[in-house]
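Please keep the sequence and the structure in view while you read.

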Amino acid sequence: MQRRRPWGRTSSWTSRRTAGRTAKGVAAAVLLAVVGGPALPVAAAGAVSGSPAGMWRVDGYGTVLSVERGRLLEYQVTSVSCLKGESAGRSGGASHAPRYLTADGDAFTVRSGPRPDRASMRVDGSPNDRALRRIAALPVSCARETPAGPVAAFDVLWQTFEENYPFFAAKGIDWDAVRDRYRPRIHAGTTDAELFAVFREMLSPLHDAHVALLAGGTGVFAQSRPGTVIPGQALEDRIKAYVQERDLDGRPLREFGRGRIGYADLPGGRGYLRLSAFSGFTQANTFAANSAELDRALDAILTPARTARLKGLIIDLRINGGGSDSLGLRLAARLTDRPHFAYAKRARNDPSDPSRFTRPQPVYVQPAAGRSRFAGPVTVLTGGTTFSAGETFTQALIERPGLTVRIGEPTQGVFSDTLERRLPGGWTVLLPNEEFLTRSGHTFDGPGIPPHLSEPVFTDEEFARHLDSAFDRAVEVLRERR
């Protein structure tokens, strides 16, 4: 269905943002507006009854679900294709809200709605639901076999973007012209290498880090915004060593979550919290396991004694590959004593009109109940290697009560979960179909979230001069808040 990927995540049930399984949709319950200003609309909740068995179309996402006899099967549909996606088996839950589990560990719940023709689905790790509408039968495209071969693969890829991708206008891309230019080059004898090269040429101008082509042994195509790089282990190791040597005077971070969470006390009663992802905290890498490990880390870091004396906190997301939005919200919940607006989500839901979306679903940060929290001054370090869930976490702090200052460079600019779509022949394409909105309806897709204070982030000049200007500026900002 859809996942959130940091680099590398994959699978279709969620919009996987990273190896931490997650997804998003249409809220099943009314979210309470807790801060001032014009509230975004949200559908009202109602009583549920009966079993959600039957055939369902997901509002947006190009997906139909078949729920029967303890099994759930996904169909990935466009006007020219219908390909079977993943399947899941019943793993518990009530009759009106059965839970399902896929072979790779994604867990989710399908919940009956207030009417027999309405239901919702929530993937573990997602901050919201997807709305389901009952249909009588599979779409017509599912009644015929999708052709095989290079031409069919081209048509399905092009149509998948045509019906789901929301950002052609913002990126100045004429997708019809792309089809007219490239389709005449594809024929029954087109080799895998030739087809991959064509797809690469088609997708490169999008400069979208949530677009990828997984072509088996032929290759993988993925790219970041121009002037940035995709974070990987080599970069992570280099930067972590540099931070410990330069910023922490050679002191090692106290690490959690398989090294993806690190903390150090700084002179003057301040703290430094570094996260390289919002996923992969455990070997199992399920949302439940990652949540438990994040809670364990934050309990050890934000102790009552430390939060009582802490004068400010630096949160370093400059190398962050993304992951689960809900884990980001879980961290945000430890940084406030008052509820506040995080963002609103919507998905493109009209195959013929890229300006039409599902109703925005507001998401709020709620203070973590029963756990120690820090509501004091916070500085957030960001850069072009702040991806995906690292960005939604940053966005979730925009309306945080109290001082919250962003320092560094703009984030990568990819917020949506990634739809994972199969192509005839076995390849997979990934693409975004959602927007994350501010209270005023603004989206940061493309350019990313800008800093309040601009500083270079891990440039060659910074390394050559043994500098970390963003870190030093954060220390300065917090020192001024004594």
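A polar contact is a pair of N or O atoms within 3.5 Å, and within protein one of the two must be able to donate a hydrogen and the other to accept it. With that in mind, please remember throughout that the model discussed here is predicted.

**The chain as a whole**

- The protein chain contains 11 helices and 23 strands, and of its 482 residues 59% count as buried.
- Among the contacts in the protein chain with a separation of 6 or more, 68% are accounted for by residues 24 or more positions apart.

**Helix α6 against helix α8**

- The axes of helix α6, which covers residues 287-301, and helix α8, which covers residues 325-332, come within 11 Å of each other and cross at roughly 20°.
- Because angles under 35 degrees count as roughly parallel, α6 is roughly parallel to α8, and the crossing of these two helices is right-handed.
- On the α6 side the contact involves Phe287, Asn290, Ser291, Leu294, Asp295 and Leu298, which meet Ser326, Leu327, Arg330 and Leu331 in α8.
- Sorted by class, the residues of this contact of α6 with α8 are five nonpolar, three polar and two charged.

**Helix α8 against helix α9**

- The axes of α8 and helix α9, the latter made of residues 389-396, come within 8 Å and cross at roughly 35°, and here too the crossing is right-handed.
- Asp325, Gly328, Leu329, Leu331 and Ala332 of α8 make this contact together with Ala389, Thr392, Phe393 and Ala396 of α9.
- The contact of α8 with α9 is made up of six nonpolar, two polar and one charged residues.

**Two residues in loops**

- Thr228 is placed in the loop between β11 (220-222) and α5 (233-247), and a polar atom of the side chain of Thr228 lies 2.6 Å from the backbone oxygen of Arg225.
- Thr228 has a relative accessible area of 17%, and because buried means under 20%, Thr228 counts as buried.
- When residues up to four places away in sequence are not counted, Thr228 touches Gly384 and Gln412.
- Ser416 is found in the loop between β19 (404-408) and β20 (418-422), where Ser416 is buried, with a relative accessible area of 0%.
- The side chain of Ser416 reaches two backbone nitrogens, that of Asn433 at 3.1 Å and that of Glu434 at 3.0 Å.

**Two residues in strands**

- Leu72 lies in strand β4, which runs over residues 71-78, and Leu72 counts as buried at 0% relative accessibility.
- Although Leu72 and Thr102 are 30 residues apart in sequence, their C-alpha atoms are 9.3 Å apart in space.
- Val378 belongs to strand β18, which runs over residues 378-382, and Val378 also counts as buried, at 0% relative accessibility.
- Val378 and Leu335 are 43 residues apart along the chain, while a distance of 8.6 Å separates their C-alpha atoms.
- Leaving aside neighbours within four places in sequence, Val378 is in contact with Leu313, Ile315, Arg400, Leu403, Thr404, Val405 and Leu478.

Notes: Residues are numbered from 1 along each chain as its sequence is written. This is a predicted model: local features need pLDDT of at least 70, side-chain atom pairs count only at pLDDT 80 or more; totals for chains, interfaces and linings use all residues. Side-chain values use heavy atoms; hydrogens and water are left out. Axes are lines fitted to C-alpha atoms, for helices over the stretch in contact, and angles run from 0 to 180 degrees between N-to-C directions. Helices (H or I, at least four residues) and strands (E, at least two) are DSSP runs, numbered from the N terminus. Angles under 35 degrees count as roughly parallel, over 145 as roughly antiparallel, 65 to 115 as roughly perpendicular and the rest as oblique. A crossing is left-handed if the near helix is turned anticlockwise from the far one by less than a right angle, and right-handed if clockwise. Contact means heavy atoms within 4.5 Å. Ala, Val, Leu, Ile, Met, Phe, Trp, Tyr, Cys and Pro count as nonpolar, Asp, Glu, Lys and Arg as charged, and the others, Gly among them, as polar. Buried means under 20% relative accessible area, exposed over 50%, partly exposed in between (1.4 Å probe, protein chains only).
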